[in-house]
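Subject: Structure handover, salt bridges

Hello,

Here is the structure for your files. Please look it over before reading on.

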Amino acid sequence: MKTSDKEHKKAIIRQKMLEHHNEAKIVRRIVLYISIFLLLFILLIGGGGYLYITSALKPVDSNSKTTKTVDIPMGSSVTGIGESLEQNGIIKSAKVFKYYVKFKNEGGFMAGEYQLSPSMGVPEIVNRLKNGKVLANATFKITIPEGKQLKEIAGIIGKATHQNENDVFNKLNDRQYIKTLMTKYPDILTDEILHSTVKYPLEGYLYPATYPFYKPNPTLDEVVTAMLDKTRMVLSDYTEKRKEKKLSVHQLLTMASLVEEEASAKADRKTIASVFYNRMKKGMPLQTDPTVLYAQGRHKEKVYYKDLEVDSPYNTYKHTGLPPGPIASAGRISIEAALEPAQTDYYYFLATDSGDVIFTRTLAEHNQKKAEYISSKK
């Protein structure tokens with residue numbers, strides 16, 4: 001081999017080695033850049049997560065001087081409590097609250113109505129819930145019994161707050177005011193309440209409970225807000241069940257109100273609910289007397305045949321399905337009955353003078369029991 005050929009081959013080898021070296025440098029540089037990028041990404045995410053958690057544990061508004069009544073029912077889960085606190089604007093994140101409680105191994109939260117403020121941090125709120133620091137020295141309380149209708153509720157609010165009952169009632173039916181509430185509570189106050197056939201939009205939406213107030217003269221808006229906060233909190237416990245049953249909030253409260261108005265102290269509300277659902281499945285009218293009285297706008301001990309002729313979409317003797325809206329404010333037991341009715345083949349029920357409720361499967365059985373317990377005593 002000639003010397004020139006050897007030199008040429010050496011030059012080619014050196015060139016290839018140089019190229020390989022340069023390629024290795026480029027690869028190392030790329031690996032370095034990727035490593036730096038990943039490190040920065042991890043630090044950014046980790047740091048961002050730390051900052052997010054730290055922020056979520058701090059007060060929503062450290063300068064806030066407002067308080068809200070937050071009800072913690074017996075048996076509430078940590079998840080449920082966190083969601084209620086977030087919905088009421090007391091904490092920033094229900095998830096962070098949940099993880100904080102688990103990380104700190106906190107527990108033993110006490111049921112009750114708490115006065116909490118956005119100025120409180122999560123640790124302070126947790127401490128209150130553990131120690132049951134419910135502020136009991138309310139200036140006064142407003143109690144709304146189960147089964148009350150909007151006009152009656154307006155009277156209770158008016159008397160407690162020294163306002164004219166009619167003024168309160170008119171405000172509760174003011175379309176503009178209702179629309180502002182709908183903006184604030186879009187999850188419970190939907191367009192269904194403004195349907196032309198609905199008698200009073202807020203009927204059934206002001207939850208029956210005792211509401212403590214810690215200022216001398218709460219405004220009507222503050223009272224209504226406390227009630228709607230309570231309604232939202234109660235309904236949030238049943239969101240999954242409601243969706244499984246394919247009921248809107250409006251339909252749920254409507255069915256619950258029928259159960260509430262038909263039930264006596266001895267009645268099995270879930271069985272009453274089963275009768276309503278069974279009749280609806282068969283396309284039968286519900287034929288429940290309280291809807292007739294609601295259509296008439298009056299309270300009576302007995303409903304007569306002439307009452308059943310009232311011309312109203314609320315008259316469930318004339319119209320099948322649910323009435324246009326709730327006819328009263330229902331409590332938890334009736335709401336749960338509307339969501340989880342008993343599994344029966346009953347289509348009729350009859351309330352006796354003693355408060356017992358007799359359930360039957362056929363019209364013939366129903367008429368027999370009616371003759372036995374009602375007609376025979378006239």
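Below is what turned up on salt bridges.

This is a predicted model, in which local features need pLDDT of at least 70, side-chain atom pairs count only at pLDDT 80 or more, and totals for chains, interfaces and linings use all residues. Residues are numbered from 1 along each chain as its sequence is written, and side-chain values use heavy atoms, with hydrogens and water left out.

The whole structure holds nine salt bridges (a side-chain nitrogen of Lys or Arg within 4 Å of a carboxyl oxygen of Asp or Glu). Three of them follow. Helices (H or I, at least four residues) and strands (E, at least two) are DSSP runs, numbered from the N terminus.

Arg 232 pairs with Asp 187 at 3.0 Å, N to O. Arg 232 sits in helix H8 (220-236) and Asp 187 in the loop between helix H7 (175-184) and strand E4 (210-213), so the bridge ties together parts 45 residues apart in sequence. Arg 232 is buried at 12% relative accessible area, while Asp 187 is partly exposed at 37%. The cut-offs: buried is under 20%, exposed over 50%, partly exposed in between (1.4 Å probe, protein chains only).

Asp 237 bridges to Arg 332, also at 3.0 Å, N to O. Asp 237 lies in the loop between H8 and helix H9 (239-244), and Arg 332 in helix H13 (332-339), 95 residues apart.

Glu 340 meets Lys 270 at 3.9 Å, N to O. Glu 340 is in the loop between H13 and strand E5 (348-351), Lys 270 in helix H11 (269-281). Shared partners join Lys 241, Lys 270 and Glu 340 into one network.

Best regards
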